[in-house]
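The following exercises are to be worked with the sequence and the model side by side. Each task is followed by a solution in steps.

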Amino acid sequence: MAMRTRKVVVILMGTVCVLVVAVSVMVVGAHLLTGGYHMRADRFDTGAEAKSARESMPRWLPDGAKDISWNWATTGRERKLKATLPSGALPQGCTAGRPDRTPEVPEVKAGWFPKDAAKKAAARCGSGTFTYYAYLDRRTLIAWLNTPDEG
């Protein structure tokens with residue numbers, strides 16, 4: 001009887017070990033695939049559509065803006081935004097002015113986001129913890145928000 005109990009215990013222990021390893025691999029794999037946090041990407045035809053679809057879309061984005069690309073993290077306030085503006089002027093709610101230091105760019109992946117964007121920051125849009133850094137390239141607005149969740 002003792003030998004039989006021993007076999008059952010060994011089989012159960014082996015099964016538990018295999019399950020622990022499998023779950024660990026899945027967790028690490030999911031973490032690597034998402035870059036450690038959940039990234040999302042949205043595209044909208046107009047600013048009005050973007051603001052209607054996403055409550056967290058900045059309100060200063062003009063309704064008439066076109067071709068909106070918005071990449072964001074579900075954890076924290078990390079955003080990258082590209083929009084074609086109706087005119088070559090900054091939107092209402094944005095103030096021209098270079099920052100005192102080069103702002104950090106969020107780690108949210110976006111193939112369309114210029115690698116040298118931080119050096120080009122020439123405006124701030126929004127206010128408080130929702131202040132985006134931005135610049136205009138003709139009528140294309142490039143903006144980003146980088147205030148990761150501290151909780």
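**Exercise 1. Aromatic rings**

Which residues do ring pairs link into a cluster? Determine also how the rings of Trp60 and Tyr132 are arranged, and how those of Trp70 and Trp72 are arranged.

*Solution.* The model is a predicted one.

Step 1. The cluster linked by ring pairs consists of Trp112, Phe113, Tyr133 and Trp144.

Step 2. For Trp60 and Tyr132, the ring centres are 5.3 Å apart and the planes stand at 80°. Planes over 60 degrees apart count as edge-to-face, and the pair is therefore edge-to-face.

Step 3. Trp60 belongs to the loop between helix H2 (47–53) and S2, while Tyr132 belongs to strand S6, so the pair ties together parts that are 72 residues apart in sequence. Trp60 is buried at 10% relative accessibility, and Tyr132 is buried at 3%.

Step 4. The rings of Trp70 and Trp72 have centres 5.4 Å apart and planes at 25°. Planes under 30 degrees apart count as stacked, and this pair is therefore stacked. Trp70 has a relative accessible area of 0% and is buried; Trp72, with 11%, is buried as well.

**Exercise 2. Strand S2 and its partners**

With which strands does S2 pair, and in what sense? Is S2 largely enclosed or open?

*Solution.* 

Step 1. Strand S1 (residues 39–46) pairs with S2 in the antiparallel sense, over 7 bridges. Within this pairing, Arg43 has Ser69 of S2 as its bridge partner.

Step 2. Strand S3 (residues 77–84) also pairs with S2 in the antiparallel sense, over 5 bridges. Here Lys66 stands opposite Thr84 of S3.

Step 3. The hairpin of S2 and S3 has 3 residues between the strands, and Gly76 in this hairpin takes a positive phi near 90°.

Step 4. Of the 8 residues of S2, 6 are buried, so the strand is largely enclosed by the rest of the structure.

**Exercise 3. The surroundings of Asn71**

Is Asn71 buried or exposed, and with which side chain does its own side chain make a polar contact?

*Solution.* 

Step 1. Asn71 is located in strand S2 (residues 66–73). Its relative accessible area is 8%; since buried means under 20%, Asn71 is buried.

Step 2. The polar contact of the Asn71 side chain is with the side chain of Trp112, at 3.2 Å.

Step 3. Leaving aside residues up to four places away in sequence, Asn71 touches Trp112 and others, including Arg40, Ala41, Glu78 and Val108.

**Exercise 4. Nonpolar cores**

*Solution.* 

Step 1. The largest nonpolar core has 20 residues, and the residues with the most contacts inside it are Met57, Trp60, Leu61, Ile68, Leu81 and Tyr132.

Step 2. At least two residues of this core come from each of S2, S3, strand S5 (123–125), strand S6 (132–137) and strand S7 (140–147).

Step 3. Leu61 illustrates the packing: beyond residues up to four places away in sequence, Leu61 touches Gly47, Ala50, Lys51, Ile68, Leu81 and Ala83.

Step 4. A second core, separate and of 7 residues, has Phe113, Ala121, Tyr135 and Trp144 among its members.

**Exercise 5. The disulfide**

Which cysteines are joined by a disulfide, and is this disulfide right-handed or left-handed?

*Solution.* 

Step 1. A search of the whole structure finds 1 disulfide. This bond joins Cys94 to Cys125, with an S to S distance of 2.0 Å.

Step 2. The torsion about the S-S bond is about 110°, so the disulfide is right-handed.

Step 3. Cys94 is in strand S4 (residues 94–96) and Cys125 is in strand S5; the pair, 31 residues apart, links distant parts of the chain. Both Cys94 and Cys125 are buried.

Conventions: Residues are numbered from 1 along each chain as its sequence is written. This is a predicted model: local features need pLDDT of at least 70, side-chain atom pairs count only at pLDDT 80 or more; totals for chains, interfaces and linings use all residues. Side-chain values use heavy atoms; hydrogens and water are left out. Helices (H or I, at least four residues) and strands (E, at least two) are DSSP runs, numbered from the N terminus. Buried means under 20% relative accessible area, exposed over 50%, partly exposed in between (1.4 Å probe, protein chains only). A polar contact is a pair of N or O atoms within 3.5 Å; within protein, one must be able to donate a hydrogen and the other to accept it, and residues adjacent in sequence count only if both atoms are side-chain atoms. Contact means heavy atoms within 4.5 Å. Two strands pair if DSSP finds at least two bridges between them. A nonpolar core is a set of buried Ala, Val, Leu, Ile, Met, Phe, Trp, Tyr and Cys residues joined through side-chain atoms within 4.5 Å. A disulfide is a pair of cysteine sulfur atoms within 2.5 Å. Rings of Phe, Tyr and Trp (its six-membered ring) pair if their centres lie within 6.5 Å; planes under 30 degrees apart count as stacked, over 60 as edge-to-face and the rest as tilted.
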